[in-house]
Amino acid sequence: MSTSAAASSGHARLQSGTGAYDVEAVRRRFPILERRINGHPLVYLDSAATTQKPLDVLDAMDAFHREKNANVHRGVHTLSVEATEVYEAARDKVRRLLGASRPEEIVFLRGVTEAMNLVAQSWGRANVRAGDEILITHMEHHSNIVPWQMLCEQTGATLKVAPVDDRGEVILDAFEKLLNERTKIAAFVHISNALGTVNPVHEMARMSKQVGAIVVIDGAQATPHEKVDVRGIGCDFYAISGHKMYAPTGIGALYGRHELLEAMPPWQGGGDMILSVTFEGTTYNVPPQKFEAGTPNIAGAVALGAAVDFLDGIGLDRIGAHESAVLERMASALREIPGLRLIGEPGRRAGSVSFVVDEVHPHDLGTVVDQEGVAIRTGHHCAQPLMERFGVPATARASIGVYNREADIEALVSAIRKAIEIFS
Ligand code: 7TS
């Protein structure tokens, strides 16, 4: 059977599975899971850094290059028209995933980092003045801190930070108190990559809207784990990274409310973002093309569309239920290890568990468990202020995806016990 025939038959099987979650069928979609690492089967627990890619995505990228490759929005020839069609179809899949009302509200970008920089430099520079405030939280990834610090330097605005409690939750009262009529932007993460905390984004958006702030959400860790509805949340911008949700690196998207995108100045200049260019002046294209200067990552967008179909095929509700059972089981198993302390015990958790082990530096732990074939992330997770808040320079983090199962927890726990033995 050819790879794509195998892909489509397997896909049909996933779609037909309405009963119990068939993790083994899901795993068969991911060729990399057959790899052995240091003589052991790969146990991949680093999906928060990047997810592995299913055949559905690999085949979609391959098929695009084999059958439809051409540049988009430029040619009248058949391939260019077809490439444009699949590129725009992918945009509509992302629109559907996020619950946006129109495809023009979806801008293809490299990922969350680029999306945050776009909002800061385009909306921010046009609307933020000296004396204004930007509110974030203490649990943000650097990509939702540094672009706002740069904007503050450029405009004279001030960055405010809502505190996080010992459980790793945003202190909502404090968040609300920090909002006032000077707050122009409230930017916060939906699900923390470092702690796994699921933030009450509806509530935080509602509070921010009451003072007239625009709401920008970092959804990098949310779209792989739960159904997102940007209109239900009531946010103005929502950023996603394809590679966190089974698509390749280098592709992501920004949802922006249409009237905001329309009013915003372009960010980068070049091809595709213009209507006409003369040396006297240039008129700009409409959103989303206004924000997609140059040849975009066409194959990446097509693959992101395939990743959306893959998630839909299993069903985000079923994924959420399976993963939350695995994650809770993992957290309980880790708590039983003497000398191991979880960092953050939030009421709602998705995706990740962070921990430290007495006497074993996270990097040493990561190296020893890798010897057993177990891939975890160790470090500050691009959330240094959060590490400081918890008084640790780094943590070990196990993060899960659609393919993780009970056996992975056993492998993790036994590899950690081995590391403790070595270092004690
Ligand atoms: N926001 C969150 C919550 C993230 O987890 C990440 C990447 C980003 C933003 C940045 O996304 P990018 O696609 O633009 O790079 N997080 C991680 C991680 O936890 N380990 O490696 C990358």
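**A ligand between two domains**

Domain 1 (3-53 + 315-423) and domain 2 (59-312) both contribute residues to the shell around the ligand, so the ligand lies between them. That's the picture in this predicted model, and it is a handy starting point for the rest.

First, the two domains. The chain splits into domain 1, which is made of two stretches (3-53 + 315-423), and domain 2, which covers 59-312. Their C-alpha centres are 27 Å apart. The domains also touch one another: 44 residues of domain 1 are in contact with 38 residues of domain 2.

Now for the ligand's spot. The ligand sits in the second largest pocket. Around the ligand there are 16 residues, and those that come nearest are Thr-113, Asp-218, Ser-241, Lys-244 and Arg-377.

Lys-244, already listed among the nearest residues, places a polar side-chain atom 2.8 Å from a ligand nitrogen. Gln-221 has a polar side-chain atom 2.7 Å from an oxygen of the ligand. For Arg-397, an N or O atom of the side chain is 2.7 Å from a ligand oxygen. As for overall cover, the ligand has 500 Å² of accessible area on its own, and the protein covers 87% of that.

Notes:
Residues numbered from 1 in each chain as written. Predicted model: local features only at pLDDT ≥ 70, side-chain atom pairs only at ≥ 80, totals over all residues. Heavy atoms only, no water. Near = heavy atom within 4 Å. Polar contact = N/O pair within 3.5 Å; in protein donor to acceptor, adjacent residues only side chain to side chain. Areas by Shrake-Rupley, 256 points an atom, 1.4 Å probe, with all protein chains shown as cover. 1 Å grid on protein atoms, 1.4 Å probe; cavity = no way out; pocket = protein on both sides within 12 Å on 5 of 7 lines; lining within 4 Å. Sits in = over half its atoms within 2 Å of the grid points. Domains from an automatic or database assignment. Contact = heavy atoms within 4.5 Å.
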